[in-house]
Amino acid sequence: MSKQGGRGGAAAAKGKKSAKPGAGDKREDVLQAVILADSFQDRFKPFTLEKPRCLLPLVNVPIIEYTLEFLASNGVQEVFIYCGAHSEDVENYIQASPRWSPGSTISPFATLDFIRVSNANSVGDFLRDLDKRGLIAGDFILVHGDLVSNIQLDAVLAKHRARREQSSDNCMTMVLRSVGEQPHRAAKARGITPVFVVDSTTGRCLQYEETHPLQSDHYLTLDPSLLSHGEFEIRSDLVDCGIDICTPEVLALWSESFDYELPRKNFLHGVLKDWELNGKMIYAEILDDGYAARASNLQMYDCISRDVLERWTLPFVPDSNLLHGQTYRRVKGGSYMEDHVSVERGSKVAQSAVGKGTEIQAGSSISRSVIGRRCKIGKNVRIEDSYIWDDAVIGDGTSVVHSVIACSAVVGAGCRIPEGSLISYNVQIDNHIQLPPRPIPRISLLADEGKTAKTDPSLVGPTGKGASYQLPTFDEDSDDEEEGQRDPSILQSSLIYSLEALNLSTSSISTLASGAYDSEDNMSTASSLHAGEAGQTRSRVSSFTSDASSRGGFHNDAVHGLVDALRADDSEDFDSAKLEFMGLRLANNASDSAMRRAITVAFCRRAAELLDPQHGGLEPTKAAEKALTAKRNAVRFIKEVGVGGDEVTQQAEFALALQRALLGEREHQQHLELARAGTLLAAMLQQLYSLDVLEEDGILAWWGDKRASESEEMAKVKEKCRVLVEWLENADEEEDEEDEDEDEDSD
Amino acid sequence: MAPSQATHTPSLEKLVKSLKGQSLEASIEALIFLLKRRQVKGDECAQATAHILRQVVAKARWQDVDQLLSQIQSAGSRLARAAPHEPVIGNIVRRVLGLIRDERQATIPIRPSPAVLTSTAGLQVSKSMFNLLSVAEPDGSPMTGGSTPLSQATQPTSVHTLRSEVMDGIEEIMDEIGQADDQIASFADIQIHPGDFVLAYQPSKTVERFLIKAASRRRFTLFIAGLEPFTNGTSDAPYATLRKKLSAAGVNTISLSSNGLMAYIPRVNKVILGAKAVYQNGGLLVDSGCCIAAQVAHEYLKPVIALSPVYKFCPEDPSYDVSRGWLGNPSTYVSYGNGPEVDAIVVENTVTDYIPPELVDVYLTNLGPQTRHHIASILADHYKTEDLAFSMQLD
C-alpha cells in the first residue's frame with residue numbers, strides 16, 4: 001500500500017483531488033482545512049476598527065501565523081481562508097508573506113485560497129457558502145483565525161476516520177482541552193462557559209449549553225431523554241479551542257438550517273437537540289495535554305501571550321522565530337530579545353519579549369510584557385503586564401499597567417496608564433496625563449463605521465490626539481438600558497476580567513443542580529457596574545434581563561410581547577399573546593423559571609405602570625386588579641404557564657418571582673417607591689389568591705421562605721404583605737367561616 | 001487496510017521521500033520549519049542536515065567550488081540558526097564544507113611529489129595557490145574516519161564529476177551517522193566487564209544499543225536512573241523495551257529514582273551517559289538530570305563514560321545558552337490544567353544540562369575510546385579551520 005507522501009506529494013495529490021465528495025470509504029490523502037478569519041464580534045475594538053483580529057500581534061507575531069503554522073505542523077495541504085471585515089488586509093498580508101503566499105515555492109500548503117463572501121453576517125453564512133462551492137472533498141479541519149495550538153491531530157484524525165467508517169452519521173469531532181476543575185486563567189478569560197454533555201464511553205457529545213457568570217439561574221436543563229442514555233459526563237472545565245474535524249455532511253447540515261449563525265451556540269446546540277430528526281452524531285475529543293486556545297477576546301489574548309512567554313505553547317515560542325526575519329534569543333531574566341535591542345544600563349527587563357530596534361532607556365523596568373519593534377521607551381518608565389505594539393513611544397517616567405498600546409501610539413512623559421487601558425493606533429497622549437481608572441480608558445482615533453473621532457483634549461491633553469471610544473451598545477430596546485451591560489460580551493470586551501467590578505458569584509454549575517434558585521437579586525445594577533471599591537460585599541448580581549441574553553433574548557421578547565398585549569386597549573383577548581409566548585418558549589427552549597420570570601415581570605410592569613399618574617394613577621389594589629383581570633384568559637395563562645401547577649413549591653416560587661420582579665421594576669419606573677411596591681405586591685398576591693391562582697399554602701410557603709427576605713429591600717417589600725399573610729393564617733384557622741370582604745371580583 | 005496509518009504529520013521520513021519532487025528552496029524551508037517546530041530533533045537532525053545538503057549539491061546552481069561552498073554555507077547557517085539547540089547541524093555542515101575543500105584540493109592537478117603515501121601531501125602549496133584567501137596552515141591530517149573519499153588517479157575536472165564526488169562523500173557521512181551507534185556498541189565488551197554495576201542515566205538510543213550489545217557478551221547489573229517525573233502513570237514505559245531485551249539476555253535491571261542516586265553510587269562501577277554534543281573543551285551537552293549523575297560519580301571517583309559519535313563533536317566552546325540549558329515546555333512538570341499553579345508559578349523546564357569536562361573520564365566514540373586530550377585532534381581531523389566559524393558567516 002503506497003502512502004501518499006507529505007509535501008512532495010502535494011503537487012501530485014492536487015491532480016488526483018477529484019475524489020467525489022461524500023465518498024466515505026475512499027481514503028483522502030489530502031488534508032484540507034478551513035480558516036474562519038472573521039468572527040463577527042466586537043471584542044477587540046477599538047483595535048479591530050483598523051485591522052482584522054487575526055492580524056493583531058500576539059507576542060509580536062500576527063495571530064493568524066500561529067493558526068497557519070498549526071495547520072502546517074499537522075500536514076494540512078489545502079487551506080481555504082474565509083475573510084470578512086478587512087478582507088483585503090488579510091489577503092495582502094498573506095500575499096506578502098514569503099512563507100504563506102500562494103505562489104510561493106516554500107509554502108507548506110499545496111493551495112491556499114481566499115474566499116470572499118459578500119453580505120456574510122455570520123460564521124454560518126461562510127459555511128453555507130462553502131457547502132455551495134463544493135470545494136471540500138473529504139474530512140476537513142475547521143479552525144478559527146485566532147487559534148494558538150501545538151496539538152498534533154493525527155490520533156484524533158484517525159479516531160474520527162474510524163468512526164466515520166463505522167457510520168456516515170458520525171460527522172464531526174470537536175477537539176477540546178481540559179483545564180481542570182480549579183480556577184484557571186484560560187477558563188476564566190473565556191467569558192462564556194461552554195458546557196458539554198458527553199457520553200463517558202464513546203465520547204459522543206449529547207448536549208451543549210452555554211452559561212456565563214452574569215446569568216442568575218446557574219443551572220442547565222438537561223434533555224430528559226439523556227437519562228435513558230446511560231453513563232454521561234457534564235463538563236464545564238473545557239476550553240473550546242474551536243478545532244473541529246468535519247465531514248462534508250456538516251456543511252450540509254449548516255445549509256439545512258439557514259438561521260444558524262454561531263458554530264457552537266446555534267449549530268452544535270441545534271444539531272444535538274434535533275438528533276432524533278437528523279440522526280447526526282458529534283463527538284468530543286477531550287485532550288489533557290498539549291496547548292490549544294483561541295485569542296477570542298482581550299483576556300484570552302492576555303492569557304495566551306503569557307502562556308507563550310512561559311513556553312506552554314512550545315514550539316510556538318518567541319525564540320523559535322517562526323516568523324520570517326525574527327531573531328529572538330533568550331536572555332537573562334527569562335526574557336526574549338531580538339537583535340539590535342538597546343537596553344541601557346540600570347533598566348530591567350524580566351519575563352518579557354522585546355522586538356528589534358527598540359530602545360529602552362536607563363532606569364526603566366519592564367516585566368511580563370511584550371514590546372514590539374522600534375519602540376522608544378524613555379527613562380524611568382514602568383511597564384507591567386502590558387502589550388506595546390510596534391513603533392509606540394512611551395515618554396520618561398510614565399507607568400503602564402496591564403494595558404494594550406497599539407502601533408505608533410505616543411504616550412507622553414509622566415503619564416499614568418491605568419489597568420485595562422486600550423490605546424489604539426496613532427493615538428497621542430500629552431505629557432503628564434493621568435488617565436482615569438474608571439471607566440476603563442479606550443482611546444482611539446476612529447469611531448465606529450470608519451468615522452474619525454473628534455479629539456477630546458480633556459482626556460488626552462491639549463496636544464494629544466484621540467478620543468474615548470464607546471463600545472457599541474448591544475441593546476435594541478432603548479428603554480432596557482442595562483441589557484447592553486448585562487450581555488456576557490461585557491466580560492469579553494475589556495482586557496481585564498473585571499468580575500470585581502461586576503460583583504458576580506463564582507459558583508460553578510455543579511452546585512446548581514441541588515437548588516433551583518440560589519441567586520440573590522440585586523437591583524442596584526447601575527451603581528455596582530462601576531463599583532471599584534472592594535467594600536462591595538454582595539456576592540452576586542443577577543438580573544432578570546441577564547437571563548435574556550443567555551436564552552437568546554427569550555426573556556426580553558417574552559416580556560415585551562406580554563406587556564404589549566396587556567397594554568392593548570382595543571382587544572380583550574389574551575390568547576394570541578399566549579400563543580406567541582409559547583412559541584417563543586419553544587424556540588428558545590426556555591426553562592420553567594425563565595418563563596415564570598418573564599410572566600411575573602410582564603404583569604408587574606403593567607401593574608406598576610398603572611400606578612403611575614400618567615397611566616391613570618390607580619391605587620395599588622385597583623392596579624393589581626386591572627393588570628391581572630383586564631384581559632380575558634390572562635388569569636388562566638398565569639395559572640397554567642406561570643405557576644405551572646398546584647404544588648405548594650411551585651406557587652411559592654411564583655410568589656418569590658413576583659416579589660423579585662416588582663423590585664426589578666423599580667429600575668424602570670422611578671416613581672415606584674419601596675413602600676408602594678410592597679403594597680402593590682400585597683395587592684397582587686391577594687388578587688391572585690382570590691382568583692384561585694395561588695392558594696394559601698403557597699403564599700404561606702413563600703412567606704416562610706428565607707430567600708424572600710434575603711436582602712433589605714426584599715424584606716421591606718415582604719413586610720408589606722404581613723397583613724395579608726396574617727389574614728390568611730386567620731382564615732386558615734377559621735376554615736372559611738367568613739367570606740373575604742375584600743374579594744371583589746371572583747369569577 | 002488500516003486507515004489510521006495515514007498520518008499527516010510532517011516528519012523527516014516524509015521530507016526525505018518528498019525531496020525529489022520538490023524545489024531545493026522548498027526542501028530547505030521544510031526542514032527549517034520541521035526543526036523550528038521540533039518535529040525533527042535529536043539524532044534525526046544529523047541525517048536531515050546531510051540529506052538537505054546533498055540536495056544543495058545536487059540541485060543548486062554552481063559553477064565552481066567557491067560558489068558551492070557559499071551555497072552550502074548559506075543553507076547550512078539557515079538550518080543551524082533554525083535550531084540553535086541542535087549543535088549537530090553545524091557539525092554536519094562543517095563536515096560537508098571540509099569535504100568539498102578536500103575535493104577541491106584533489107581536483108587541482110598535483111605534480112608528482114615524493115610523498116605518495118598520502119594523497120594529500122602536496123596540499124599546502126597548491127591550496128595557497130588556488131585560493132589566496134584561505135588560511136594556509138596545516139589542518140592536521142585530512143585523513144578522517146570516513147569523510148574523505150578516495151582521491152583518484154584521474155583528476156576530476158568538470159563540475160559534474162565534482163558534484164558526484166561530493167555527493168558520494170555526503171553519502172559516506174550519512175552512512176557514518178547511520179553506523180555510528182553500532183560502532184560504539186562494538187566497544188561495549190571492552191568497557192563493561194562481568195559483574196559490573198553500571199548506572200545509565202536516561203539512556204538514549206545510543207546508550208540503549210550499547211547496553212544491549214554489552215548484555216549479549218557480559219553479565220552485569222544495570223541501574224536505570226532519571227525517569228521522567230510526570231509520564232502519566234506509565235513511568236517506566238519509555239525503557240520497558242530496553243529492560244525486556246536486557247532481561248532476556250540475563251542482565252538484571254534496577255530502576256532508581258533520581259534521589260536514590262547518591263545511595264547507590266558507592267556500589268556502581270561506572271556511569272554511562274549519552275551525549276547530545278561534545279564541545280571542544282570536553283564539556284558535554286546532555287539531557288537534563290545527567291549532570292547530577294556525573295557530579296555524584298565524580299564525588300565517589302567512579303568513571304563517567306560519555307557515548308558520543310564523532311559527528312557530535314563540536315569545534316566550538318559551549319555558548320551561554322548551552323551552559324544555562326535549553327528550555328522546554330513546562331507541562332512536563334506542571335499540568336496546564338492545574339490552574340492555580342499555572343497562574344502562580346513560572347516554570348522553567350530546562351531540557352538539557354551542560355557537564356563540565358572535568359566530570360567526564362572517557363569519551364567513547366565510533367572510532368574508539370578517547371580522553372579529553374584527544375578531542376583536539378579528533379576535531380582537527382574532521383573539520384577545517386576555515387569552517388569553524390561558519391554559522392557566524394553570512395546572513
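**Interface of chain A and chain B**

The model is predicted, so I note the limits: local features need pLDDT of at least 70, side-chain atom pairs count only at pLDDT 80 or more, and totals for chains, interfaces and linings use all residues. Residues are numbered from 1 along each chain as its sequence is written, chains are lettered from A and ligands numbered from 1 in the order in which they are written, and side-chain values use heavy atoms, with hydrogens and water left out.

I then listed the residues in contact (heavy atoms within 4.5 Å). Chain A puts 52 residues into the contact and chain B puts in 44.

For polar contacts I used a pair of N or O atoms within 3.5 Å; within protein, one must be able to donate a hydrogen and the other to accept it, and residues adjacent in sequence count only if both atoms are side-chain atoms. The rule finds twelve residue pairs in polar contact across the interface, both residues at pLDDT 80 or more. On the chain A side, the elements that each supply at least two residues are α2, α5 (154-166), β8 (170-178), α6 (185-188), α10 and β15 (329-331). Helices (H or I, at least four residues) and strands (E, at least two) are DSSP runs, numbered from the N terminus. With five residues, α5(A) gives the most to this side. I sorted the residues of this side into 17 nonpolar, 16 polar and 19 charged. In that sorting, Ala, Val, Leu, Ile, Met, Phe, Trp, Tyr, Cys and Pro count as nonpolar, Asp, Glu, Lys and Arg as charged, and the others, Gly among them, as polar.

A salt bridge is a side-chain nitrogen of Lys or Arg within 4 Å of a carboxyl oxygen of Asp or Glu. I found three of them across the interface of chain A and chain B. Asp321(B) and Arg329(A) meet in a salt bridge through their side chains, at 3.7 Å from N to O.

**Arg99(A)**

I located Arg99(A) in the loop between α3 (87-96) and β5 (111-116) of chain A. Arg99(A) is buried, at a relative accessible area of 7%. Buried means under 20% relative accessible area, exposed over 50%, and partly exposed in between (1.4 Å probe, protein chains only). The side chain of Arg99(A) makes a polar contact of 2.8 Å with that of Glu69(A). Leaving aside neighbours within four places in sequence, the contacts of Arg99(A) include Ala72(A), Ile106(A), Phe33(B) and Arg37(B).

**Salt bridges elsewhere**

In chain A, the side chains of Glu384(A) and Arg382(A) meet at 2.9 Å, N to O. Both ends are partly exposed: Glu384(A) at 21% relative accessible area and Arg382(A) at 36%. Arg53(A), Asp146(A) and Arg294(A) are linked in a network of salt bridges.

In chain B, Lys312(B) pairs with Asp43(B), the closest N and O atoms being 3.0 Å apart. The two are 269 residues apart: Lys312(B) lies in the loop between β7 (304-307) and α13 (320-324), and Asp43(B) in the loop between α2 and α3 of chain B. Lys312(B) is buried at 4%, whereas Asp43(B) is partly exposed at 34%.

I also checked Asp66(B) and Arg104(B), whose closest N and O atoms are 3.1 Å apart in a salt bridge. Asp66(B) is in helix α4 and Arg104(B) in helix α5 of chain B, 38 residues apart. Asp66(B) is partly exposed at 42%, and Arg104(B) is buried at 3%.

**Cores and chain B**

A nonpolar core is a set of buried Ala, Val, Leu, Ile, Met, Phe, Trp, Tyr and Cys residues joined through side-chain atoms within 4.5 Å. The largest one has 90 residues, and Trp389(A), Ile72(B) and Ile92(B) have the most contacts inside it. Among the elements that give two or more residues to this core are α2 (63-73) and α10 (298-309) of chain A, and α4 (65-82) and α5 (88-107) of chain B. A second, separate core has 64 residues, including Ile599(A) and Val725(A). Not counting residues up to four places away in sequence, Ile72(B) touches residues including Leu53(B), Val96(B) and Ile100(B).

For chain B I counted 15 helices and ten strands. Of its 395 residues, 53% are buried.
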